[in-house]
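Keep the 3D view open as you read.

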Amino acid sequence: MDFISILSIFVMACFVGYYVVWSVTPALHTPLMAVTNAISSVIVVGALVASAAAGNATSKWLGLLAVVLASVNIFGGFAVTARMLAMYKKKEKK
Amino acid sequence: MEHIAPNPWVALAYLASGILFILALRGLSSPSSSRKGNRFGMLGMLIAVVTTLITHEIASLPEILGALAIGGGIGWIIARRIAMTDMPQLVAAFHSLVGLAAVLVGWAAYLNPEAFGIAGTDGLINPVSRVELGLGIAIGAITFSGSIIAFLKLAGTMSGKPILLPMRHVINLGTLLGIIGLIGWFTQDQSLWVIATVTALAFLIGFLLIVPIGGADMPVVVSMLNSYSGWAAAAMGFTLHNTAMIITGALVGSSGAILSYIMCKAMNRGFLSVIAGGFGAVASNGDAAKTDRPWKRGSAEDAAFLLGEAEQVIIIPGYGMAVAQAQHVLREMGDQLKAKGVRVKYAIHPVAGRMPGHMNVLLAEANVPYDEVFELEDINGEFAQTDVAFIIGANDVVNPAAKTDKSSPIYGMPVFDVEKAKTIMFIKRSMGGVGYAGVDNDVFYMDQTMMLLADAKKMVEDIVKALQH
């Protein structure tokens with residue numbers, strides 16, 4: 001992919017993000033932060049590429065360390081979001 | 001130069017995970033759809049990880065699986081054990097991990113550019129990729145060190161008071177320009193010292209930027225760092241030509257930016273003035289908190305009597321409720337009042353607590369139904385028909401000076417019109433302390449105000465006991 005196509009995806013995604021996030025109800029702003037945290041750990045893709053490649057040992061270990069950090073975030077972020085969301089309940093019907 | 005992903009299915013898989021992430025955020029538009037959204041997010045992450053693993057030649061699968069298991073295990077345990085009152089610290093800590101991971105990935109790509117497909121035929125890194133790498137590492141490093149400071153302040157390890165260095169604006173601006181200049185230079189010269197200096201300076205400025213910002217401005221800081229962690233992921237996505245990372249980075253980046261904007265607006269302060277820091281540092285040393293005006297002190301029994309007789313009670317929680325861990329006993333009080341036929345509502349200011357939505361989570365934890373919880377603009381018109389406004393651990397968000405006193409540091413901030421309620425009950429530890437802004441609050445001295453001076457949890461427990469008689 002050339003730089004311009006990537007840039008286009010990026011700009012479009014910013015607009016999507018803008019509208020999607022404004023529609024998030026303020027009561028869920030904390031879960032929003034927790035889940036954005038979890039998904040930004042998609043950076044694990046880069047970490048996996050680095051740790052999978054042969055050739056440079058330092059690069060591989062940096063990658064593996066990044067995999068550890070990102071997976072703390074992925075599992076921790078999604079799990080804590082799920083835990084919070086499970087608490088939001090409606091008034092029980094009498 | 002050769003790219004690793006000529007297979008269109010791979011690109012489609014990453015696109016799919018990007019779309020699933022959009023749906024994850026979309027789900028948060030209401031609590032009922034949110035759990036499904038979260039599952040979409042997990043699925044998106046699974047697709048991204050599996051796609052990466054099956055499309056690359058892997059020289060070290062056991063190590064990778066080990067790393068995933070170690071990190072995943074730690075994350076899982078933390079997520080299960082963390083107390084809801086500690087959410088702001090946790091989120092800050094998680095941000096720092098994303099930042100550090102971005103730095104590490106950037107360095108790995110610098111050391112092994114062939115693996116990332118960013119090397120030219122001469123073995124050097126493409127100039128465009130160098131800018132992306134430099135930016136990714138710099139933003140990641142700022143996110144890391146900034147989040148560490150935010151974490152220490154939120155956890156109380158470091159004083160929440162703003163720490164002001166002399167000449168800090170000059171130092172910050174100089175460091176920032178230095179980083180930008182060096183990233184420019186990096187396109188000409190890809191020596192190790194350039195990228196090492198960029199990394200070091202970025203760590204430094206993350207630290208310098210957050211240190212002068214005080215505790216109650218943390219909602220803005222945490223949102224801002226949230227945004228940065230997204231931009232760091234996006235920059236790495238540019239380097240890797242990976243749509244999942246770019247889409248996610250853009251989503252998270254805009255999400256954090258919007259939250260920062262909402263928080264600033266709720267305090268009527270400019271983003272730059274929050275970032276410049278130092279708010280409340282001067283005023284709180286002054287003698288603003290003179291309490292020589294007459295005020296009335298109430299007991300738990302008095303409060304219980306008035307609350308029990310009321311038709312409608314609005315409860316306004318603030319950070320003090322979180323500190324005292326009073327949310328559970330508060331809900332108990334609400335239940336008892338409801339059993340007596342009192343209408344109970346909760347009113348939440350956007351900046352109550354230490355992160356966006358902090359109070360909502362705590363009330364949800366205490367099993368307060370979310371349809372009893374209202375935002376500022378939805379409930380502010382109701383105070384005139386309210387018998388008791390019950391303020392627990394909040395202060396600046398009910399200060400009428402924000403509406404009337406042009407010289408007040410909080411002038412213009414939207415606040416609750418509690419003074420319209422028939423009775424105001426104000427739980428506070430003592431008359432001495434003032435809110436974060438360091439200004440006196442006229443509500444303390446109003447005729448209809450009853451000051452309940454005690455620890456918030458203790459006081460509400462006593463009210464609950466008194467209500468039982």
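## Where the two chains meet

Keep in mind that this is a predicted model. At the interface, 100 residues of chain B are in contact with 78 residues of chain A. Putting the two together buries about 8,000 Å² between chain B and chain A, and carbon and sulfur atoms give 78% of that area.

What about polar links across the interface? Between chain B and chain A there are 19 residue pairs in polar contact, with both residues at pLDDT 80 or more. On the side of chain B that touches chain A, the residues split into 63 nonpolar, 26 polar and eleven charged.

How many salt bridges are there between chain B and chain A? The count is one. Look for Lys60(A) and Glu63(B): their side chains meet in that salt bridge, at 3.2 Å from N to O.

## The sheet in chain B

Now turn to chain B on its own. Here six strands form an open sheet with parallel pairing, in the order 3-2-1-4-5-6. Which strands sit at the edges of the sheet? They are strand 3 (373-375) and strand 6 (449-453) of chain B, each of which pairs on one side only. On average, and ignoring direction, neighbouring strands of this sheet are turned by 25 degrees against each other.

Strand 1 (residues 312-317) and strand 4 (residues 388-392) of chain B pair in the parallel sense over five bridges.

## Charged pairs

Side chains of opposite charge can pair when their charged atoms come close. Over all chains, the count comes to 14 salt bridges.

One of these joins Asp217(B) to Arg269(B), with the closest N and O atoms 2.9 Å apart. Asp217(B) lies in the loop between helix 8 (192-210) and helix 9 (218-240) of chain B, while Arg269(B) lies in the loop between helix 10 (243-266) and helix 11 (271-276) of chain B, so the pair ties together parts that are 52 residues apart in sequence.

How values were computed: Residues are numbered from 1 along each chain as its sequence is written. Chains are lettered from A and ligands numbered from 1 in the order in which they are written. This is a predicted model: local features need pLDDT of at least 70, side-chain atom pairs count only at pLDDT 80 or more; totals for chains, interfaces and linings use all residues. Side-chain values use heavy atoms; hydrogens and water are left out. Contact means heavy atoms within 4.5 Å. Buried area is the accessible area (1.4 Å probe) that two parts lose on being put together, summed over both. A salt bridge is a side-chain nitrogen of Lys or Arg within 4 Å of a carboxyl oxygen of Asp or Glu. A polar contact is a pair of N or O atoms within 3.5 Å; within protein, one must be able to donate a hydrogen and the other to accept it, and residues adjacent in sequence count only if both atoms are side-chain atoms. Ala, Val, Leu, Ile, Met, Phe, Trp, Tyr, Cys and Pro count as nonpolar, Asp, Glu, Lys and Arg as charged, and the others, Gly among them, as polar. Two strands pair if DSSP finds at least two bridges between them. Helices (H or I, at least four residues) and strands (E, at least two) are DSSP runs, numbered from the N terminus. Axes are lines fitted to C-alpha atoms, for helices over the stretch in contact, and angles run from 0 to 180 degrees between N-to-C directions.
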